[in-house]
Amino acid sequence: MDSNNNLPQIKTALAPQLQQQGILQDAITRALNSLHIAGNNNIVFQDSHHNQITLVLPLDNPQMLQRLAKRIAHHLQPNPTPHHIGDQWQPNTIFFGRTQDIETISQQLRTSKALLLLNGIGGMGKTALANELRYQIGDQYDHVIWTNLQNAADTDEQPLRNHLLYNSIQLHQDLGITEMLRSERDETQKWAIIVRALRQLGSNVLWIIDNAHQKDQSTIKALPDNCHILLTSRHTIGNISTHYVDELDMIAALHLFKHYYTRPDDDQIIWDVCGAVGYHALSVELLAKTLNELPNKGASFLLQELKNRGININRQQQIWTDYAQRETYLNECLLAAFDLGKLREQTHLHGLLRFFCLMPYQDVAYAVVQQLTQTIGDTAEDELLRHLQQLSKLGWLKPNQINWFGTTQNSWKMHTVIQDIVQQQLGHDESLEDGVTDVLQYEAFKHYEKHPIEAQEWRSFLETMVKKVDREIMPIVGCYDVLGSLLNAMGYHDKALLNNQKALNIAEQILPAQHPKLAMLYMNIAVTNYYLTQYNTALTYYERSRAIWEQILPAQHPNLASLYMNMANTYLGLTQYDTALAYYERCRAIWEQILPAQHSGLASLYNNIGLTYNNLTQYDTALTYYERCRVIFEQILPAQHPDLASLYMNVGLTYNNLTQYDTALTYYERCRAIWKQILPAQHPDLASLYNNMAITYQHLTQYDTALVYYERCRAIREQILPAQHPDLANLYMNMAITYQHLTQYDTALVYYERCRAIREQILPAQHPDLANLYMNIANLYLNLTQYDTALAYYERCRAIREQILPAQHPDLATLYMNMAATYQSLTQYDTALAYYERCRTIWEQILPAQHPNLASLYKNMAIHYSNRSQFKEALYYIQKGTAICQQILPQNHELRLQSEGLQKAIEAINQSFLLKTIARFGNWIRK
């Protein structure tokens, strides 16, 4: 098909297919008006953001047109997932040969559930071949993922899984799951989120996993079936179908050599040189670059030098079935390049060569080289650039350009095979390693303090450094410590804890027991345990930190304030609210002395104190501290800041607890106004907000509106969360409660069962969430008058709550009231009264006098005494309950109407009983 001549027909064919993809007509018109053909069937058009998009896709059959429509539609979506996702990788600057390899591999990848391994020794060109495949056939796929495992630690037992969990920041951003992973603590759930997001990419995904490991076999087999997976590795991996990447063919090797060696020479001699190194791509490139920098030397000189070293391909071929032997031979070829380039004599280059041996196998920006080598001043910088260019010309570094913290910079990387050669020839320089490591941990921490998310770029450097500098020195302690902080910032707390522990293990061997650095390390490991909800372990480490800092620091030192704040947060997590408040007050005593009145740290402190008072049901006091926080935040933060939204959410929850539901909704709306502006539509925080709004509407008995918000929450959570996630269980339970209020009991039971199917799978038998579920199911059976079934579930609930809750806990009171109501319905009045009294003992101790729960209790006790014809006691309790309802509830509230109606009935009965008594008394007097 002549694409240019048939452009009108192509556009006509595309229009209805784009409509079928759900694209709006305006977007279709704009895209098709801009669509044109450039070069060899390159499709060019403007996306929804007016960016020019180029697709490489042949138009030789209708199937390709359908694929083109799908690709164009993808770019016309408001927030499309990029076509190329995952780790960044630059396209090949040059590529020769391998035509048959590309054709064979492309064919194998077209099969369903394709899984193929490119296997070959280091430097043979596996990565370049995979990259060329990505370029040539990538546009035939909806998405292409690149994952680079080159820098995985040798000790890592699951390199691919751990890379996808912890080191695939770009992939997480491209899939839109970064915030979900940060907020999720359980590693199994994190993995399920990643797998679900990959599966939702569709059925046509090419995934290239570069430098895969033998240990990855089980992870690879568990990846979603919609991904056609191409692996590269020096190793065989189980029984995965394998394509062996052998040497270049003679013509490709010649072209590669002559690309880098630009002087005229004899092709036959060049072939002999290439043959001597087994047509090995890296060796050919390195020797060609080396020869190009040797003045007045030609290919015959190079060939003779190789022969002088005993390098003869024919002599070696019989042992090349053994990879180790073959790599040893090729190692000799690269050593020849090292000597021919006279690198041993050029001592001014040794420091830079050793430096790159410490770097990960990735592009290293000039700013990083400059910082870590401590190159300062124009003269030193000019010299550094000359040395980088010299090593690039010789082939020991590969130049490129990358984006580093928002700026495009020149960059360089050193192949791992070359790193091995340099290490063999130059050995280690411990002084250099110490200096580079020290600067690295300092620079990484400095970036982390300012921009914890952007600073993740430093992780690969830190991880490589701790792997390569295998000595117990304080700079390595710093690297492990910063790694822990970076991982915590992303929500990878298990991984962070491993690094915290490694840092501490080394530091405890080096430092004296009262050293301030140890105190800081204890605090950092405590923080990680706190994130993991291992609160008691966290407190153990906080106490170690406190034992040092209270000895060596002045009483008003900010480190002590931070420690007290963190200890308070931990006691808050343990629900030891009074102890938490004591530590918050210690922190406040310092911060209010040393910080300015509008400091964000004070605002965060006031917010946490508010949370604590909220948990103590001292809601008015909580609001006082929230207000202090708000005054600061609204002064110092932009109007759309997420911390303001979180504060408004907390205030809304407190007003909800105060039964001031309309005010609660006002603050929820303020929160929503921010989050709708700054968060993606599928963000988990929006789901939580909708859930809270639904609960409030439920309290207002606006059950239909509540269900609308629950459905908004469900639309997000079922999209982004794995099927067994606890947040889904919570949502299903809330929806069940709402349907229960609407007396749609069958639907309610469906949602309760969905909740139970999750919770009984993922929670321990004594978990409070299971108790809550059993309580609600029991309530439903109570409504259905299936009292024995209701009591069975109440007993399941009681077996948990009485084990795990303090005796005055409000949840126990609620349980006792419901059990009392059930026994009352069974006319077991004495047992019912015993449970009502248990409930009253708790609620009258912990709730405000005007709380609606007390009104409900007094109403139920009034009914109980009425059933036993004890009308005086019944009247006493219903009057107390009605007085509360009239104070706090709207006129049409169900509880208020019930209480007022019951009071009138009891008053009437009481009046009738009194008149009868007076009449009987009068008759007795007359007699």
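Okay, let's start in a loop: T785 sits between α37 (768–783) and α38 (787–804). When I say helix, I mean a DSSP run of H or I with at least four residues, numbered from the N terminus. Before I go on, two housekeeping points. This is a predicted model, so local features need pLDDT of at least 70 and side-chain atom pairs count only at pLDDT 80 or more, while totals for chains, interfaces and linings use all residues. Residues are numbered from 1 along each chain as its sequence is written, and side-chain values use heavy atoms, with hydrogens and water left out.

T785 isn't a glycine, and yet its phi is positive, about 60 degrees. Most residues other than glycine have a negative phi. There's another threonine like this: T743, again not a glycine, has a positive phi near 60 degrees. T743 lies in the loop between α35 (726–741) and α36 (745–762).

Is L728 buried or exposed? Its relative accessible area is 3%, so L728 is buried; the cut-offs are under 20% for buried, over 50% for exposed and partly exposed in between, using a 1.4 Å probe and protein chains only. Leaving out residues up to four places away in sequence, L728 touches R717, E718, L721, P722, A723 and I758. Touching, or contact, means heavy atoms within 4.5 Å. For a sense of scale, L728 and Q424 are 304 residues apart along the chain, and their C-alpha atoms are separated by 56 Å.

Next, a histidine. H864 is in helix α41, residues 852–867. H864 counts as buried because its relative accessibility is 0%. What does H864 contact, if we ignore neighbours within four places in sequence? The partners are Q824, Y829, A832, L833 and Y836.

Now for a helix with a buried side. In α14, residues 299–308, the buried residues are A299, L302, L303 and L306. Those residues span an arc of only 100 degrees around the axis, so they're on the same side of α14; the arc is taken from the directions from the helix axis to the C-beta atoms. After α14 comes G310, with a positive phi near 80 degrees.

Last topic: helix pairs. Helices α1 (residues 7–20) and α2 (residues 25–34) have axes that come within 10 Å and cross at roughly 155 degrees. Axes here are lines fitted to C-alpha atoms, for helices over the stretch in contact, with angles from 0 to 180 degrees between N-to-C directions. On the α1 side, the contact uses K11, L14, A15, L18 and Q19, and α2 brings Q25, I28, L32 and N33.

The other pair is α28 (residues 577–594) with α29 (residues 600–615), where the axes come within 10 Å and cross at roughly 160 degrees. That angle is why α28 is roughly antiparallel to α29. From α28, the contact residues include Y577, Y584 and W591, and from α29 they include L605, Y606 and Y613.

Notes. Helices (H or I, at least four residues) and strands (E, at least two) are DSSP runs, numbered from the N terminus. Angles under 35 degrees count as roughly parallel, over 145 as roughly antiparallel, 65 to 115 as roughly perpendicular and the rest as oblique.
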